[in-house]
Structures are given as structure tokens and as C-alpha cells.
Amino acid sequence: METCNAAVITEHNKPLTIQKVQIPNLDPGSLLIKITASTLCGTDVHRWHGPLGDKDSLPIVTGHEPCGTVQDIAGERTDILGNPVKRGDRVVWSYVACGSCYYCTVACQPCICRGRASWGHNRSDQHPYLLGSCAEYMYVPKECLIIKVPDEVTSASAAASACAYRTVMHGYDRLGAIKSHETVVIQGSGPLGNFATAVAKDHGAKKVLVIGAPANRLEVTKKMGADAVLNLEEVIDEKQRRQWVKDHTDGRGADVVIQVANNMAVPEGLTLLRDGGRYLNIGAGGKANIAVEKIPQEMLFITIRSGEPRHWLQAIDFLASRRKTFPFEEMISKSYKLDQINEAMTAMANYSVVKAVINF
Ligand SMILES: [Zn+2]
Ligand SMILES: [Zn+2]
């Protein structure tokens with residue numbers, strides 16, 4: 001039995017341990033990937049702190065944002081563009097929807113498929129063992145679509161495209177075109193907020209305004225193209241924040257508001273939107289109530305879950321083709337080794353880094 005090292009959550013809120021986890025035999029069409037980088041995400045911290053949904057049972061290999069090179073393939077595989085996948089290719093890969101339920105086949109909304117598989121919450125002691133990215137190897141089921149990573153995209157940025165960035169691309173897909181006279185407000189200055197800032201600029205917004213914290217994250221936000229930023233820790237009065245947006249929009253409010261913080265930001269976010277505007281709701285976690293009578297007239301409220309395989313490709317393409325315009329690497333603020341997993345998770349938990357990466 002061959003094994004490899006993996007960062008395993010054995011108890012909520014207790015330090016993770018580096019354990020030997022079994023490397024599975026490959027089923028036809030599946031791949032074994034040697035991980036080169038795994039970025040960490042707020043969701044990994046939530047899973048570590050407590051069960052996230054009733055399906056989580058321990059022990060689990062943490063992490064769901066992998067990039068790696070193909071170590072082994074059971075049979076022949078092609079990537080999402082139809083090109084052959086070879087050993088040594090550096091790749092990311094999509095989640096798997098069932099392909100046969102109402103959401104997959106009739107509604108064509110595979111992200112809300114009830115039988116969808118994802119990573120970072122799978123038991124390390126049950127086949128196929130290696131479905132978390134903080135491990136030396138990961139198993140890729142045959143249903144996953146493969147996206148090759150071009151040389152000009154680092155493994156860390158590619159790994160972040162496997163969650164944060166592809167979710168943002170999904171959001172913009174559902175939002176539709178941003179017109180050249182439109183102002184976009186982004187609530188949140190974490191990795192999603194900073195990536196969303198770059199995409200809004202790229203898609204032609206007249207002005208991109210970002211409300212976030214802390215200051216170190218907002219410095220990165222400015223480099224990603226924000227026209228103005230507002231620090232939540234300095235401007236604690238919601239009325240003043242609303243006035244700031246009004247001042248930037250001739251008193252109307254924003255044409256588009258993108259929420260990439262958490263549910264608690266939504267009530268305020270709706271007050272930043274003009275009548276007839278579009279609200280794109282991405283950030284999850286926490287609870288909030290909306291006063292229905294105060295909802296802007298003729299507005300659209302769009303919610304997003306995860307991403308479709310094509311959004312992985314869009315995120316990787318954006319990183320490669322816009323790399324001279326936006327300093328994407330600045331979003332990955334600190335690099336760790338696998339045995340520093342607890343340090344990395346703690347840094348993510350207390351927001352002292354924008355995004356941590358485990359490099360192998
Ligand atoms: Zn994530
Ligand atoms: Zn389905």
C-alpha cells in the first residue's frame with residue numbers, strides 16, 4: 001500500500017495533523033495528480049472550526065483549491081478543449097455534477113445539482129482517500145474536466161482559480177455585460193473582491209468602488225484597479241458609507257453591486273444600489289434579514305453557487321491574458337510548506353493574509 005503526506009482534520013478546532021494517507025488505485029479515466037500548490041480559502045477555515053453542513057464527518061483531508069502535474073492517467077484523457085492530457089501536464093480540474101438530474105439536464109444549472117461532488121470535506125480513510133488539496137497527491141475522478149495551466153500562470157494563482165476566481169467568473173457570466181457608463185461597487189476586499197475588481201475594470205466599468213478591510217487588503221485592491229476604496233474599519237457609520245457611494249454616482253447609487261463578503265453585507269449593499277440596478281450576491285456565511293419594502297425598484301438579485309467547468313477555464317485564461325495589467329501574484333500574500341498547515345490556517349482565520357498558499 002502506497003501512501004503520501006496529507007494535512008488532516010481529525011478534530012474540529014484542534015491542530016491539523018500531517019498523516020500518511022493511502023494512494024488509491026486508479027479507476028478507468030481517472031488521474032493521479034502530484035500537487036504543486038494548494039491555496040487556502042475561508043471555507044477551509046469554517047470546516048476546520050466546526051462541521052459545515054451535516055455531511056461533514058472526520059477525518060478529512062483539508063483544502064479544495066489544487067493545482068498540480070499529472071503523475072498517472074488510467075487510459076487516455078483529453079482536456080476541456082479536446083487536447084490530449086499527458087503525464088507531466090500542469091492542470092486544474094472541475095467539480096463533478098451528476099449529469100442526469102433535473103438541474104443538470106433540464107435547467108442546465110449544474111452548480112445546484114444535488115449529487116455534485118467537491119473537495120476538501122471527504123474522509124481520508126475511505127476510498128478514494130485523496131480528495132483534499134493539502135496533500136502531496138490528489139485523486140481526480142474520471143468525470144472531472146481537465147484545464148491545462150499555461151506556463152505564464154503560477155501554480156498558486158491557478159490553484160486560487162479552482163475556487164475564488166472561477167466563482168467570480170460565474171458571477172460575471174450571470175450578471176451580463178457591464179456598460180461603459182456604469183459604476184460597480186464591490187463589498188469585500190478578500191481574494192474574491194480583489195479578483196472581481198480586476199474583472200470589473202477589464203469588462204469596462206466606468207468606476208469601480210470597493211468597500212472592505214483591513215488596510216493591507218485594500219492596498220492590493222487598489223493595485224487591482226479600484227478607482228476608490230473605503231476602509232470599513234475607519235468609516236464605521238453605514239450612513240457615511242452610503243453617502244460615499246452617492247457622492248461617486250451623482251446621488252443615484254451604483255448600477256451594479258457585487259457582494260463578496262458575507263450575508264451580513266446584503267442589507268447595506270441593497271441600499272448602495274440605484275433603482276433598476278443589479279445585485280450580484282456571491283459571499284456566503286452568516287445570517288441577515290432584508291427589509292422587502294426597501295428593496296430598490298426594478299432591481300435584479302442574482303445569486304451564485306460555485307462555478308461550471310467553463311468558469312475554471314475563463315479564470316485561467318484571464319490570469320494568463322491579463323497578467324501584464326493586473327499583479328495577480330500580490331493576492332497570494334504568504335507561502336507555507338505542508339507541515340506549516342496550522343500556521344497557514346490560523347493566518348487565514350485572523351485575516352492577516354489575503355490568501356495563503358501551501359507550496360509543495
Ligand atoms: Zn474556496
Ligand atoms: Zn445533477
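Reader: Is Cys41 buried or exposed?

Author: Buried means under 20% relative accessible area, exposed over 50%, and partly exposed in between, with a 1.4 Å probe and protein chains only. Cys41 has a relative accessible area of 11%, so Cys41 is buried, and His64, at 3%, is buried as well. This is a predicted model, in which local features need pLDDT of at least 70 and side-chain atom pairs count only at pLDDT 80 or more, while totals for chains, interfaces and linings use all residues. Residues are numbered from 1 along each chain as its sequence is written, chains are lettered from A and ligands numbered from 1 in the order in which they are written, and side-chain values use heavy atoms, with hydrogens and water left out.

Reader: Which residues coordinate the zinc ion (ligand 1)?

Author: Donors are N, O and S atoms within 2.8 Å of the metal (3.2 Å for Na, K and Ca), and because water is not among the atoms, sites may look incomplete. Here Cys41 (SG), His64 (NE2) and Cys163 (SG) coordinate the zinc ion at 2.0 to 2.3 Å, and along the chain these donors follow the spacing C-x22-H-x98-C.

Reader: In what order do the 3 strands of the open sheet stand?

Author: Strands of a sheet pair through backbone hydrogen bonds, either parallel or antiparallel. Strands are DSSP runs (E, at least two residues), numbered from the N terminus, and two of them pair if DSSP finds at least two bridges between them. The order here is β2-β1-β4, with antiparallel pairing. Because β2 (17–22) and β4 (60–61) each have a single partner strand, one side of each is left without a neighbour in the sheet. Strand β1 (residues 3–9) pairs with β2 over 6 bridges, and Ala6 has Gln19 in β2 as its bridge partner.

Notes:
Helix = DSSP H or I, 4+ residues; strand = E, 2+ residues; numbered from the N terminus.
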